[in-house]
Amino acid sequence: MSNIEQTAANVEFDQPQRADESSASSDKPGLTIGRHGLLALSWLAPVALVIIWELLARAGWLSPQVLPAPSKVIQTAIRLVTTDNLLGDLGISLLRAAAGFAIGGSVGFTLGILVGFSRIAEAAIDRSIQMIRAIPFIASLPLVIVWLGVGEAEKIFLVALGVTFPIYINTTLGIRQVDPKLVELGRVQGLSSLQLILRIVLPGALPSILTGIRYALATAWLALVVAETIGAQSGIGFLAMDAREFLRTDVIVLTIVIYALIGVAADAIARLLERRLLAWHPNYGAAR
Amino acid sequence: MTFHVSPLHVSPPLSSSTIPSPAVVVSHLRRAYGSRVVIENLNLRIERGEFVALLGESGCGKTTLLRALAGLDPIQGGRIVAPRRPAVVFQEHRLLPWGNLWRNVSLGLQHPDARERAGAALAEVGLGDRLDDWPRNLSGGQAQRVALARALVQQPELLLLDEPFAALDALTRIRMHELVRVLVASHRPGVLLVTHDVDEAIALADRILVMRDGRIAFEHRTKADASTPIARADLLAELGVLASPLPA
């Protein structure tokens with residue numbers, strides 16, 4: 001009796017939700033699983049992998065020296081946060097990345113604007129920039145160490161170097177790709193040169209610039225890992241190198257996981273920026 | 001009522017209007033791309049409140065003339081005298097996808113109450129409730145109405161229309177014709193409509209010009225006896241569509 005009542009109540013309660021789902025999946029006909037089901041399915045494989053890893057480690061198939069169990073890594077993380085200075089090291093790494101990104105991003109954006117708007121600037125500096133860009137920026141690390149020593153300046157410089165080029169290239173590209181018909185319209189409406197740049201050229205170049213920022217976030221992170229691996233006295237990379245000395249595989253795995261998580265977070269921030277700033281764009285905008 | 005008026009006084013009599021003033025005067029215009037001359041010794045005068053349609057085959061120079069009047073291209077000879085900067089509606093709506101409708105309409109408007117003015121202009125084209133909507137939510141006809149509002153909010157004395165209805169479906173085009181007729185009657189700019197549609201020219205214009213080889217080859221005043229068969233056949237003959245022109 002009470003069972004039947006409960007079912008009836010459930011059906012009524014479920015109805016609005018079901019209506020929601022059918023409208024959500026109506027975009028793509030033929031889907032039977034629904035959006036939440038697909039989300040759950042996409043998480044199935046990674047979760048299963050972690051569980052298998054844990055089981056293998058506990059069964060003794062994986063030596064803790066080779067790959068410690070996920071639970072052990074989590075314990076290590078908690079211990080390092082409470083007794084050691086994991087958060088401090090994380091903060092230092094983030095600060096280095098942010099400083100390098102700010103410097104490299106400003107340089108790349110400024111040069112990109114110059115070259116995007118001026119054929120003369122393009123002729124004067126574009127070839128040089130393309131030549132420097134051909135060098136894998138990590139290959140310049142020994143030279144950078146000779147110039148700046150092993151310190152903060154060297155690390156920030158390397159990050160900035162990695163960030164400059166994706167921002168530069170995508171800024172010039174974005175400016176070049178702005179629809180000339182819209183620029184012409186701006187002239188017809190009587191916009192000044194500055195208004196033309198602010199209201200038509202830069203908004204039109206924004207999708208490309210944001211793509212550059214997303215690439216730059218990835219290279220910034222890569223540059224930081226490399227820079228911190230060599231002669232750091234603090235930061236996540238220092239933690240990893242220090243752990244290597246003492247064969248602390250759990251700490252090494254933890255630092256790798258932290259690098260990965262921060263990479264994911266940076267990408268999420270870039271995507272959020274795209275969704276916010278490009279709400280008008282049919283390929284990015286979430287809201288109508 | 002017939003129109004026996006000199007070329008200087010072609011605008012229809014209005015109780016409020018006094019002496020007609022030209023929206024644009026073109027004299028001895030020459031326009032060339034390199035060595036290829038597109039427009040040679042062209043003279044044209046459009047009064048405020050006068051609706052002029054410009055017909056012609058593709059490549060006859062009619063869009064070149066419009067772009068010269070808009071100040072988009074340099075001219076190689078002659079003079080264009082217009083009291084103020086003309087407003088232009090292009091074949092494509094050219095709305096900025098990153099601006100909502102009122103920002104699009106007020107583009108280039110130097111006014112503290114730009115939003116109110118844009119709202120009033122949008123209301124005139126029947127989109128007064130869509131100020132904060134985005135261009136991508138508009139149909140082709142709606143987008144072209146916004147482009148029209150953007151042109152009229154500048155209160156132009158000369159309105160240049162470059163085949164603005166060519167990309168619209170037949171029914172929407174008829175509605176746009178009606179809208180343009182109403183808007184031009186209330187704002188009274190001089191209008192130059194470049195089109196390849198003879199019926200559109202007859203439906204809208206006070207005066208129809210046919211351009212050929214960079215000159216104005218034919219002129220017809222249509223206000224009094226609109227869409228007479230002879231006028232239509234004449235125009236088609238001038239455009240080279242009919243083999244021989246009917247006797248006028």
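Chain B is divided into two domains: domain 1 covers 20-86 + 156-243, and domain 2 covers 97-155. Keep in mind that this is a predicted model. The C-alpha centres of domain 1 and domain 2 of chain B lie 25 Å apart.

How many residues does each domain of chain B put into the contact? Domain 1 of chain B gives eleven residues, and domain 2 of chain B gives eleven residues. On the domain 1 side, helix α5 (residues 170-187) of chain B gives the most, with six residues. By class, that side of domain 1 of chain B has eight nonpolar, two polar and one charged residues.

The largest nonpolar core has 64 residues, and L160(B) and L192(B) touch the most other members. Helix α4 (residues 140-152) of chain B supplies the largest share of this core, seven residues. Where does this core lie relative to the two domains of chain B? Both domain 1 and domain 2 of chain B give residues to this core, so it lies between them. In general, nonpolar side chains in soluble globular proteins tend to be buried together.

Take L160(B) on its own. Leaving aside neighbours within four places in sequence, L160(B) is in contact with L66(B), L69(B), A70(B), P86(B), A87(B), V88(B) and L192(B).

Now a strand in chain B. Is strand β8 (residues 207-212) of chain B largely enclosed or largely open? Five of the six residues of β8(B) are buried, so the strand is largely enclosed by the rest of the structure. Strand β3 (residues 51-56) of chain B runs parallel to β8(B), and five bridges join the two. In that pairing, L54(B) stands opposite L209(B). Strand β9 (residues 215-221) of chain B pairs with β8(B) in the antiparallel sense, over six bridges. There, I208(B) stands opposite H220(B). The hairpin of β8(B) and β9(B) has two residues between the strands, and D213(B) takes a positive phi near 55°.

Last, the contact between the chains. It takes 16 residues from chain A and 14 residues from chain B. On the chain A side, α8 (180-188) and α9 (193-229) each supply at least two residues. The largest share of that side, six residues, comes from α8(A). By class, the residues of the chain A side divide into eight nonpolar, three polar and five charged.

Conventions:
Residues numbered from 1 in each chain as written. Chains lettered and ligands numbered in written order. Predicted model: local features only at pLDDT ≥ 70, side-chain atom pairs only at ≥ 80, totals over all residues. Contact = placed C-beta atoms within 7 Å. Helix = DSSP H or I, 4+ residues; strand = E, 2+ residues; numbered from the N terminus. Nonpolar A, V, L, I, M, F, W, Y, C, P; charged D, E, K, R; others polar. Core = buried A, V, L, I, M, F, W, Y, C linked by C-beta atoms within 7 Å. Buried ≥ 20, exposed ≤ 12 C-beta atoms within 10 Å, placed from the backbone. Domains from an automatic or database assignment. Pairing = 2+ DSSP bridges.
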